[in-house]
Amino acid sequence: MKEKYYYKTPLGWISIVASHLHVYEIKYIKKPIEYSFEKPNKLVEKVKENLNIYCLNPNQKFVLPFKFEGTPFQNSIWEILKDIPSGKTKSYNEIAILYGNSRATRAVGKAISQNPIMIFIPCHRVIGSDGSLTGYAGGFNKKRWLLEFEGFPIQKSLDL
């Protein structure tokens with residue numbers, strides 16, 4: 001059974017949807033409308049621990065049991081995103097090429113915009129082909145902060 005939990009991180013409030021076996025969603029929220037004081041299950045505790053570790057050292061590789069509930073195409077794109085290392089970026093076109101269809105750039109962008117698992121499926125590491133910081137569900141400032149925090153040279157990408 002899926003349950004929703006809320007957690008305040010240095011990045012802001014996050015909602016976590018998980019069962020005892022899988023993590024289905026990690027999303028930014030403004031502030032929880034309701035807040036449960038029930039003790040989270042062990043997997044949610046592990047997600048919270050991993051979020052805290054990320055905020056101290058984003059260069060670690062995290063292994064959590066994610067369960068994607070997207071289309072086969074979306075699931076493939078989200079799997080590709082998992083392999084973008086901290087401090088590195090890929091363009092939408094590069095993701096399309098890795099998927100095997102260089103003409104699927106727009107579809108890739110749409111799939112990335114629907115990523116249900118923020119931070120651990122690092123859609124913030126996807127930028128425009130010209131190096132521009134494109135949209136992000138958490139907002140432009142959060143994307144910029146995450147990339148700088150991970151060591152990506154933002155000034156270079158913005159050609160400043």
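This is a predicted model: local features need pLDDT of at least 70, side-chain atom pairs count only at pLDDT 80 or more; totals for chains, interfaces and linings use all residues.
Local features were taken at pLDDT of at least 70 and side-chain atom pairs at pLDDT 80 or more, while totals for chains, interfaces and linings use all residues. Residues are numbered from 1 along each chain as its sequence is written, and side-chain values use heavy atoms, with hydrogens and water left out.

Helices and strands are DSSP runs numbered from the N terminus (helices: H or I, at least four residues; strands: E, at least two). Strand β1 covers residues 3-9 and strand β2 covers residues 12-18. The two strands pair in the antiparallel sense over 7 bridges; pairing requires at least two bridges found by DSSP. A hairpin of 2 residues links β1 to β2. One of the bridges sets Tyr 5 against Ile 16 in β2.

Ser 15 also belongs to β2. Its relative accessibility is 2%, so Ser 15 counts as buried. Buried means under 20% relative accessible area, exposed over 50%, and partly exposed in between (1.4 Å probe, protein chains only). Contact means heavy atoms within 4.5 Å. Not counting residues up to four places away in sequence, Ser 15 touches Lys 4, Tyr 5, Tyr 6, Glu 25, Ile 26, Lys 27 and Ile 29.

A nonpolar core is a set of buried Ala, Val, Leu, Ile, Met, Phe, Trp, Tyr and Cys residues joined through side-chain atoms within 4.5 Å. The largest such core holds 40 residues. Phe 66, Leu 81 and Phe 120 have the most contacts inside it. At least two core residues come from each of β1, β2, β3 (23-28), α1 (42-56), α2 (72-82), α3 (92-99) and α4 (105-113). Helix α1 gives the largest share, 6 residues. Leaving aside neighbours within four places in sequence, Leu 81 is in contact with Ile 95, Ile 112, Ile 121, Pro 122, Cys 123 and Val 126. Another core, of 5 residues, lies apart from the largest one. Leu 133, Leu 147, Phe 152 and Ile 154 are among its members.

The cysteines were examined next. A disulfide is a covalent bond between the sulfur atoms of two cysteines. The criterion was a pair of cysteine sulfur atoms within 2.5 Å. A search of the whole structure gave 0 disulfides. For Cys 55, the nearest cysteine sulfur is that of Cys 123, 15 Å away. Cys 123 is likewise in no disulfide. Cys 55 counts as buried, at 15% relative accessibility. Cys 123 is buried too, with a relative accessible area of 6%.
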